[in-house]
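Subject: Structure for your review

Dear colleague,

Please find below the structure that I am handing over to you.

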Amino acid sequence: MTHDPEKFDSMLLAMAQQHEGGVKDLLDTIVGFLARKTDFFVGGKEGEWEKVVKDTFYKHSVKAREEKEKIKREKVEAEKRLKEIQQKKEQERLAKDFEPATVTELTDQEAENLQNDLEKNKQSKEEDGSGDSASNDPETPTVPDEEDDPKEKNKLKPNSGNGCDLENYRWTQTLEEVEVSELILMTP
């Protein structure tokens with residue numbers, strides 16, 4: 001006879017929830033039912049009911065222990081796999097961080113071509129005014145390194161008074177005071 005082991009779970013769970021004494025009270029109720037409403041204890045041979053109870057409890061005890069061990073093994077294996085993955089990622093990260101520098105030998109011709117290319121790039125940058133040298137033009141503002149920072153990209157830049165110039169307001173500040181001015185635009 002095959003039956004679903006979870007078939008009566010909802011009923012038994014409802015019964016278990018109504019027993020304040022826990023599993024002992026639930027078992028007492030079930031055994032009391034067997035004694036009152038069936039011939040479980042008196043219908044068979046002497047001591048047969050004890051063998052049935054022991055065998056049933058032993059069978060389910062073995063299943064419960066096997067399931068517990070299976071879960072424990074799976075947990076240990078999962079932790080082991082996770083640890084291996086973390087170690088592998090750490091090793092890969094360390095390998096990337098500490099990748100040794102490589103030296104590539106160039107022939108004399110390749111070295112000369114590379115030097116010529118570098119000089120051409122340097123000359124074209126100087127001609128375009130986009131070289132690394134600072135501009136002598138006082139009206140050309142120098143670009144601070146902070147503009148390369150993506151966090152600073154959309155922020156307003158402070159004015160000369162360490163404040164801000166907005167459409168209708170301007171403000172400056174020092175350590176001791178803040179000055180706010182309203183700008184009034186007159187249109188003709």
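Predicted model: local features only at pLDDT ≥ 70, side-chain atom pairs only at ≥ 80, totals over all residues.

Three strands form an open sheet in the order E1-E2-E3, with antiparallel pairing. Strands E1 and E3 (178-182) are at the edges, since each pairs on one side only. Between strand E2 (residues 169-173) and E3, the antiparallel pairing runs over five bridges. Within this part of the sheet, Gln-173 stands opposite Val-178 of E3.

Salt bridges. How many salt bridges does a search of the whole structure find? The search finds three. One of them joins Lys-51 to Asp-55, with the closest N and O atoms 2.9 Å apart. Both residues belong to helix H3 (residues 48-97) and are four residues apart, about one turn of the helix. Lys-51 has a relative accessible area of 53% and is therefore exposed, the cut-off being over 50%. Asp-55, at 41%, counts as partly exposed.

Another salt bridge links the side chains of Glu-90 and Arg-93, at 2.7 Å from N to O. Because these two residues are three apart in helix H3, about one helical turn separates them. Glu-90 is partly exposed at 36% relative accessible area, and Arg-93 is partly exposed at 40%.

There is also a salt bridge between Asp-165 and Arg-170, whose closest N and O atoms are 2.9 Å apart. Asp-165 is partly exposed, with a relative accessible area of 45%, and Arg-170 is partly exposed at 36%.

The nonpolar patch. Phe-8, Met-11, Leu-12, Met-15 and Ile-30 make a nonpolar surface patch of about 430 Å². Helix H1 gives the most to this patch, with three residues. Phe-8 lies in the segment before H1 and is partly exposed, at 45% relative accessible area.

Two loop residues. His-19 sits in the loop between helix H1 (9-17) and helix H2 (23-37). A polar atom of its side chain lies 2.6 Å from the backbone oxygen of Met-15. Apart from neighbours within four places in sequence, His-19 is in contact with Asp-25, Leu-26 and Thr-29.

Asn-162 is in the loop between helix H4 (108-128) and strand E1 (164-165). Most residues other than glycine have a negative phi. The phi of Asn-162, however, is positive, near 60 degrees. Asn-162 is partly exposed, with a relative accessible area of 45%.

Yours sincerely,
A colleague

Definitions and conventions:
Residues numbered from 1 in each chain as written. Heavy atoms only, no water. Buried < 20%, exposed > 50% of the residue type's maximum accessible area, 1.4 Å probe, protein only. Polar contact = N/O pair within 3.5 Å; in protein donor to acceptor, adjacent residues only side chain to side chain. Contact = heavy atoms within 4.5 Å. Pairing = 2+ DSSP bridges. Patch = residues over 30% accessible without salt bridge, like charges linked within 9 Å, V, L, I, M, F, W, Y side chains within 5 Å. Areas by Shrake-Rupley, 256 points an atom, 1.4 Å probe, with all protein chains shown as cover. Salt bridge = Lys/Arg side-chain N within 4 Å of Asp/Glu carboxyl O.
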